[in-house]
Amino acid sequence: MVYENPDGVRIGLEIHVQLNKLKTKMFCGCSSDYHDAAPNTHTCPICLGLPGALPVLNKKAVEAAIKIGLALEGEIAEETQFHRKNYFYPDLPKGFQITQYDFPIVSNGKVVIEGEDGEHVVGITRAHMEEDPGKLAHIGSIEKSKGVLIDYNRSGMPLIETVTEPDMRSPKEARRFLDKFRNILEYLDVFDGNLEGAMRVDANVSVHWGTRVEVKNISSHKGVERALLYEIMRQKNVIRRGGEVIQETRHFDEGRGVTLSMRTKEEAEDYRYFREPDLMPMHVIDWIPAIKETLPELPDAKRARFMEQYGITDMHARSLTSKIMLADFYESVCAKGVDPKLAATWTADVFLGELNYRDLAISSYDGKRIRFIHAKDPKIKNSFKVSDMVELVNLFAEGKISDRAAVEVIRTMLDTSEEKTPFQIIEEKDLFKAEDDLVTKAVAEAIAENGAAVQDYLGGMEKSLNFLVGQVMKKTQGTADAKTARELIVKKLNG
Amino acid sequence: MITKEDVEHIGWLARIDVSEQETADFMEKLNSVLEYFGQLDELPTEDVAPTYHVAEIYNVFREDIVEESLPQEVVLENTEDKQNGTFKVPKIG
């Protein structure tokens, strides 16, 4: 099936990611670990833009950029260098941003995503290095601001700006692209997406192959889909009313879920780019072989290997490899001799599902224990051990607990921070599978007490069977195995 | 040739108020500088690669090692207006 793109939607993204795994900033030795720090405590003459300060490039930032370029299957420039992008705004005290212009380090890459109609290639126009500006806080709302407070701790943080071709055809594809892109960066160990402000996205979007509008200030990868859905609807409405979409920049208001015209002066941008005389050009292509050696197995390769090695489905493999830490966790569980298919079901379907339901994001994995924090409130955190998953899946595989009990154990472990093993929880909650005679007894009772449901079932209403199974579960406090109960009821009723 | 509008535009980009009188003055001075450099155009440079740095140096890097930052009070020492450790500036339109 080919996706027909009925509204002629074209979406291109510009993604800024902080190379926040580096210890220092782009051009100075100030620590990059500023997230919980008081304002203006991680600055120096270089990132404050004081006259006479001389920037010197962080070698690791260049290595990270090359790594990213290779992972995106892009070309690494033979010669690359920095430019000054001049603009007057207090987030950059120098009056310019050091960035790359006509010689970006990476060009012509691609990312394959799961598109509307199967595999879909999104072209990467370029990726370049630049410095992050400082952080502004407006006093009052942005429109009625009376003044601005500036914290330069973020100023000079190493950024990679990646520009895609307008190859995405729906907000869903844009989100999938970002998920994949973020996943690749985490595999490369250059980026921690859980840190505030780690990824910022601007989107170009047009409908019916028309004028494109830029939507700025999308701060979360979840916000992208909402911002684009709104903006596409807005453009379609403009056209339906006989209007014309004008080329402009709009600001995404995350709280209200709408895009607003920025109403800035209609001055053409005039950045007067020129070569940064304080930084020397780079010849770094001879680093490529050594960096290639350090490239990890990337998501697509890992997914293929998981299917092959563990005999699991594409869907499970996709979901398990969607986070490097989850993939590693799964492999540790399998390494303990657990049935890989069962481990995949319990890790990808149940465990990951329960994490998502609770808005918990995986934050680290040390080989023994996977940790997660709440996406909105970092104070809420918890962890789950490999040994817990091993124990749980084995108990289930041995038929000692029902699937319902196993789910209950996972939920209990995520909702409490007590250090208990699944076995302890099962004992405390009395979740061991009911003995067969108990289930048989419950089945008999359920049938005897629910004559109407029995008649309905015998009359052909399959749904009534679910009701009867529910009654058995209720009588056994959920310890019966639902499948067994169902079989027993059917057997009993059909003689 | 730099026009009156060019001078005004450059002033705006730098957020500097340039008076009528200054505009005329700058126009003349900037044009004289341009004219002076214009003499270089007379040289045949078709076969010469542009020079961006006087020294032919490539690949100047530093290692990713943390160095001490400035204390907050030193950072804010020369600012006119501050608030809770931040620089306070007027709204930029």
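Let me start at A:Trp209, which lies in the loop between β11 and β12 of chain A. Strands here are DSSP E runs of at least two residues, and helices are H or I runs of at least four, both numbered from the N terminus. A:Trp209 is not a glycine, yet it has a positive phi of about 55°. Is this residue buried or exposed? A:Trp209 is exposed, because 12 other C-beta atoms lie within 10 Å. The terms are defined as follows: a residue is buried if 20 or more other C-beta atoms lie within 10 Å of its own, exposed if 12 or fewer do, and partly exposed in between, with C-beta atoms placed from the backbone.

Residues are numbered from 1 along each chain as its sequence is written, while chains are lettered from A and ligands numbered from 1 in the order in which they are written.

β11(A) and β12(A) form a hairpin with six residues between them, and A:His208 in the turn has a positive phi of about 45°. The two strands run antiparallel and are joined by four bridges; strands are said to pair if DSSP finds at least two bridges between them. Within this pairing, A:Asn204 has A:Glu214 in β12(A) as its bridge partner. On β11(A), residues 199–206, there is also an antiparallel pairing with strand β1 of chain A, residues 10–18, over eight bridges. There, A:Glu14 stands opposite A:Asp202.

I now turn to chain A as a whole. Its secondary structure comes to 15 helices and 18 strands, and its C-alpha trace spans about 90 × 55 × 45 Å along the principal axes. Of the 495 residues in the chain, 40% are buried. Two residues are in contact if their C-beta atoms, placed from the backbone, lie within 7 Å. Among contacts between residues at least 6 apart in sequence, 68% join residues at least 24 apart.

The domain assignment, automatic or taken from a database, gives domain 1 (10–290), domain 2 (297–429) and domain 3 (436–493). The centres of domain 2 and domain 3 of chain A, taken over C-alpha atoms, are separated by 31 Å.

What of the interior? A nonpolar core is a set of buried Ala, Val, Leu, Ile, Met, Phe, Trp, Tyr and Cys residues joined through C-beta atoms within 7 Å. The largest has 110 residues, of which A:Ala65, A:Ile68 and A:Ala203 touch the most other members. Helix α1 of chain A, residues 59–71, gives the most to this core, with eight residues. Domain 1 and domain 2 of chain A both contribute residues, so the core lies between them. Apart from it lies another core, of 15 residues, including A:Val439 and A:Met473.

Next comes the contact between the chains, which takes 36 residues from chain A and 30 residues from chain B. On the side of chain A that touches chain B, the elements that give two or more residues are β2 (57–58), α1 and β9 (147–151). Which of them gives the largest share? That is β9(A), with five residues. A further pairing crosses between the chains: β2(A) and strand β1 of chain B, residues 61–62, pair in the parallel sense over two bridges. In β1(B), B:Arg62 is the bridge partner of A:Asn58.

Within chain B, B:Val7 lies in helix α1, residues 4–13. B:Val7 counts as buried because it has 21 C-beta neighbours inside 10 Å. Leaving aside neighbours within four places in sequence, B:Val7 is in contact with B:Ile2, B:Val18, B:Thr23, B:Phe26 and B:Met27.

I close with confidence, given as pLDDT, the predictor's confidence in each residue from 0 to 100. Chain A averages 91, and 97% of the residues score at least 70. Confidence in chain A is lowest in helix α12, residues 436–449, at a mean of 80, and highest in β2(A), at 98. Where pLDDT is low, the predicted coordinates should not be read in detail.

How values were computed: This is a predicted model: local features need pLDDT of at least 70, side-chain atom pairs count only at pLDDT 80 or more; totals for chains, interfaces and linings use all residues.
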